[in-house]
Amino acid sequence: MKNAESAPADLSGLSFEEALKRLESIVESMESQDLALETLLARYEEGSKLSQVCQVKLAEAEVKIQQLDKNAKGELSLKPVSFPGQSA
C-alpha cells in the first residue's frame with residue numbers, strides 16, 4: 001500500500017473504482033493501524049479528496065443515466081437535460 005505522501009497530486013484522473021478502492025484502503029489502515037497524528041491527517045485529507053472524486057463521478061453517471069431515453073423502436077438515445085431555472 002502506498003503512503004499518503006506518495007499519492008498522485010491530481011486524483012481526478014482516477015476511475016470511480018480506483019478512487020473507491022484507494023478510499024477503502026485508507027479507511028482500513030486508519031482503523032487497524034496505530035498511526036502518527038501527521039500520518040492520520042494526511043490520510044484523512046487524501047480520503048476527503050477521494051470522496052469528492054467519487055461523488056463527482058457518481059453525479060456525472062447519474063446525469064448520463066437521466067439523459068438516456070428510449071425511442072419508439074426501443075433504442076436508447078441521449079436526450080437533453082434541462083436543469084431547474086434554465087431556460088430552454
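Tutor: Let's look at the place where H1 passes H2, which it does in a left-handed crossing (the near helix is turned anticlockwise from the far one by less than a right angle; clockwise would be right-handed). This is a predicted model, in which local features need pLDDT of at least 70 and side-chain atom pairs pLDDT 80 or more, while totals for chains, interfaces and linings use all residues. Residues are numbered from 1 along each chain as its sequence is written, and side-chain values use heavy atoms, without hydrogens and water.

Helix H1 covers residues 16-32 and helix H2 covers residues 37-67 (DSSP runs of H or I, at least four residues; strands are E, at least two). Their axes come within 9 Å and cross at roughly 150° (lines fitted to C-alpha atoms over the stretch in contact, with angles from 0 to 180 degrees between N-to-C directions). Because of that angle, H1 is roughly antiparallel to H2 (over 145 degrees; under 35 is roughly parallel, 65 to 115 roughly perpendicular, the rest oblique).

Which residues make the contact? From H1 come Phe16, Ala19, Leu20, Arg22, Leu23, Ile26, Ser29 and Met30. H2 brings Leu40, Arg43, Tyr44, Glu46, Gly47, Leu50, Ser51, Val53, Cys54, Lys57 and Leu58 to the contact (heavy atoms within 4.5 Å). Sorted by class, twelve of the residues in this contact are nonpolar, three are polar and four are charged (Ala, Val, Leu, Ile, Met, Phe, Trp, Tyr, Cys and Pro are nonpolar, Asp, Glu, Lys and Arg charged, the others, Gly among them, polar).

Now let's zoom in on H2, starting with Leu50, which lies in this helix. Leu50 has a relative accessible area of 0%, so it counts as buried (under 20%; exposed is over 50%, partly exposed in between, with a 1.4 Å probe and protein chains only). Leaving out residues up to four places away in sequence, Leu50 touches Leu11, Leu14, Ala19, Arg22, Leu23 and Ile26.

Val53 also belongs to helix H2. Its relative accessible area is 11%, so Val53 is buried. Beyond its neighbours within four places in sequence, Val53 is in contact with Leu11, Ser12, Leu14 and Ala19. Val53 and Ser15 are 38 residues apart in sequence, yet 8.8 Å apart from C-alpha to C-alpha.

Next comes Glu46, another residue of helix H2. Why is Glu46 called buried? The reason is its relative accessible area of 6%. Glu46 and Arg22 are separated by 24 residues in sequence and by 9.4 Å between their C-alpha atoms.

Lys49 lies in helix H2 as well, but its relative accessible area is 39%, so Lys49 is partly exposed. From Lys49 to Ser12 it is 37 residues in sequence and 8.9 Å in space, C-alpha to C-alpha.

Finally, let's step back to the protein chain. It has two helices and two strands, and along the sequence they follow the pattern α-α-β-β. The chain has 88 residues, and 18% of them count as buried; Leu50, Val53 and Glu46 are among the buried ones. Of the chain's contacts with a separation of 6 or more, 52% link residues 24 or more positions apart.
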